[in-house]
Amino acid sequence: MKKLIITAEDLWKIRRPAGLSLSPDGVQAVCSLAEYDMEANKSATSLWLLSTFGGEPRRLTACGEKDGQASWSPDGKTIAFVAKRSGDEEPQLYTIAPDGGEAARISNISTGVSGVKWFADSKRIAFISWVWPDLKSDKAQSKRLKSRREDKVKAHVVEHSAFRHWDHWLSDGRVPHVHVINLVTGKCVDVFAGTKFELPQFDTDQHDYDVSPDGKKVVFNFNPNPDKLGDQAYDLVEMDVRSGRTKVLLRGSKQTFTWHHPRYSSDGGTIALLANKIGRSMDDDNKLALLDLKSGRVMVKTTWDRVVNHPLKWAADSKSVFFTADNQSRVSVWQWRLDDKIPIIAAQGGTVSDFDVRAETLIFVRNNMSSPPRVFGQSLAAETAEVPLESFNTELMSRFKLGEVRDLTIKGWQSEDVQMWAVYPPNFDPKKKWPLLHSIHGGPHANWGDIFHFRWNNHVFAAQGYVVVCVNYHGSIGWGNKFLESNNGSFGTKEHADIEAGTDFMLKQGYIDAKRLAASGGSYGGKMVAWMNGRNGKNSGKKGDRYRAYVCHAGCFDWRAMYGGDAGYWFNHSLKTTYWDDPITFAAQNPITEVRYARTPTLVLHGALDYRVPDQQGLAYYSTLKTLDVPARLVFFPDENHWILKPQNSRLWYKEYFSWLKKYIGAGATRR
């Protein structure tokens, strides 16, 4: 069979497994599987059972809306999950037997369900619901919710500092509370009711709290500040489920540590959690901390210079903790034996996006630059090699011819080592001349990992006839805290030098056409192309920018106006100043400062629901370029946020992207 080149539409044919949960004996696992319909312009999810020792996957639920967050009961008899089915105005809690049958709806709470966790007795389930804390019953919650929905006035009225997050407003007064429902009696209790406690309002999920093995306590991270922001310290609080009595186990402070994402050990004697010193830096790496509940002593492991990610998972013997961490552009599962100074790799990335550990079995979802997400498993006791547990996308991916991926190290700013990916067209011939395309990552404290990225897929880019490079510039995560923070206070300078070094490196290879260079980026990567357009234009004079085209998606254009986003406090830390305290230093890091020198054609793409980089950023950049008589094109999505998440919008996004590049640098190779 003749191999095909992969296209943007093909990305939406790929099924995406996530949300793993192992059975208590480690013999089976459940995962959610998302499938997309381009013509219907939507997705559906279903639950699947996987065997960890062989056998074909089995569908457990039909495709529905939001079937996910599956969790296996401790007695192995039931799987709980969250779904939104016919008649549900909000997602609700459902259960189903592992051997199949009809799913039963357990909850009927007006404010919806997320973040499910079982109690050890398999009779109770904890979950998160966003409620109005002044109301005492679900009937009252439902009445207010109905009133808000039907109110013709949709104005947002706030006084607190954090009023939006990513794509939604934090203005209706609701906060996330932990609830407990009894599967036998059906009784549902808001355990935070009548207290000041709530879970964090930013990216809230089940890892913000945990249930003790004896079922008597819940532990959670709590921000005690009245006006809650993302740069404040969290306390660690434990609550008795029956009496409601609470105890602050650890006080957070900017001078010491902030505490978050707790997890009880299997024997209940220790809490593993994450700690970092936000008073030193907003970008201080998460460290593994261990709180001995008997003595009250806490130990923070500072011997490893990498960022520890949640979730934390304990081994059955309570002697080690599993987690994921970025290390030099790869996200692996790591195991930290408590007596060791540094952890070891338990499952190698690529990029591991989800995992679970039970009964000496480890399962995980991994992808890499050339392979979409797939579920793997391995025995920790036997130290056997990993094996794939499903083949959801094997036949589809076998149709495509993908180009080579190279992991390179180049000399960047001041000749310091910088990692760079190069992805080649499937028909690459080094004897020909090819256009070069930069794909610049956001953050800036993120990275271009070994990942099969659906929104910025390098193989889809390369298949159109481009050599694609991704530079992990200064400030990228995965090379230690010093490298991570190295661009703070001087945003743009080091990153720009690293990107240009990547271009210089590729030009020296002999197969890149110097007259066919382009750069694209999203978020902070979009900021970088706006930066390059002005700075390169200023420095090149009449010669013109060596890049012939830019693509700016959700790009930061003016740091001053970014205070209209959802994280204005962040700029004070990372820019090391404010525009009112030190306008000169601030302006030196601002893309808008040199925009008058921009002259390179630019495609600007933005979503109206983007509250991280508000749409005004893209609109202002586009309007400025047009006023300067720079060729520009705007693609504006009124129904998208910081990302392009709808299939047909994504198809248009890629179409516009490639049309712009083809117009200004062509596509494919020419002979030397």
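The largest nonpolar core holds 55 residues. A nonpolar core is here a set of buried Ala, Val, Leu, Ile, Met, Phe, Trp, Tyr and Cys residues joined through side-chain atoms within 4.5 Å. Buried stands for under 20% relative accessible area, exposed for over 50%, and partly exposed for values in between (1.4 Å probe, protein chains only). The members that touch the most others are Ile 440, Val 467, Met 506, Met 532, Trp 559 and Tyr 621. Helix H7 gives this core its largest share, six residues. Apart from this core lies another, of 39 residues, including Met 397, Leu 605, Trp 653 and Trp 660. In soluble globular proteins, nonpolar side chains tend to be buried together.

The model is predicted; local features need pLDDT of at least 70, side-chain atom pairs count only at pLDDT 80 or more, and totals for chains, interfaces and linings use all residues. Residues are numbered from 1 along each chain as its sequence is written, and side-chain values use heavy atoms, with hydrogens and water left out.

Val 467 illustrates the packing of the largest core. Contact is taken as heavy atoms within 4.5 Å. Residues up to four places away in sequence are not counted. Val 467 then touches Val 423, Tyr 424, Pro 425, Phe 428, Trp 434, Pro 435, Leu 436, Leu 437, Met 506 and Ile 512.

Helices (H or I, at least four residues) and strands (E, at least two) are DSSP runs, numbered from the N terminus. H7 has 17 residues, and 15 of them are buried. The expected span of a helix is 1.5 Å times one less than its number of residues. Gly 541 follows H7 and has a positive phi, near 60°.

Helix H10 covers residues 615-627. Its 13 residues should span 18 Å, and its end C-alpha atoms are 18 Å apart, in agreement. Gln 617, Gly 618, Tyr 621 and Leu 625 are the buried residues of H10. Seen down the helix axis, they fall within an arc of 95°, so they line one face of H10. The arc is that of the directions from the helix axis to the C-beta atoms. Among the elements covering these residues are helix H7 (524-540) and the strands S36 (549-553), S37 (602-607) and S38 (632-637). Just after H10, Asp 629 takes a positive phi of about 65°.

A salt bridge is counted where a side-chain nitrogen of Lys or Arg lies within 4 Å of a carboxyl oxygen of Asp or Glu. The count comes to 34. One of these joins Glu 39 to Arg 651, at 3.9 Å from N to O. The pair links distant parts of the chain, 612 residues apart. Glu 39 sits in the loop between strand S2 (28-37) and strand S3 (42-51), while Arg 651 belongs to helix H11 (residues 647-665). Glu 39 is exposed at 61% relative accessibility. Arg 651 is partly exposed at 29%.

Asp 235 and Arg 251 form another bridge, with their closest N and O atoms 3.6 Å apart. Asp 235 is in strand S17 (residues 235-240) and Arg 251 in the loop between strands S18 (246-250) and S19 (258-264), so the bridge ties together parts 16 residues apart in sequence. Asp 235 is buried, at 3% relative accessible area. Arg 251 is exposed, at 61% relative accessibility.

In the bridge of Arg 612 with Asp 566, the closest N and O atoms are 2.5 Å apart. Arg 612 lies in the loop between S37 and H10, and Asp 566 in the loop between S36 and helix H8 (568-574). These positions are 46 residues apart. Arg 612 is partly exposed at 23%, whereas Asp 566 is buried at 7%. A salt-bridge network links Arg 280, Asp 284, Asp 285, Lys 287 and Glu 485.

Lys 287 is also in contact with Val 308. Val 308 is found in strand S23 (residues 308-314) and is buried at 1% relative accessibility. Its C-alpha atom is 5.2 Å from that of Asn 286, 22 residues away along the chain.

With a disulfide defined as two cysteine sulfur atoms within 2.5 Å, the count is zero. Cys 470 is buried, at 0% relative accessible area. The closest cysteine sulfur to that of Cys 470 is in Cys 552, 17 Å away, too far for a bond.
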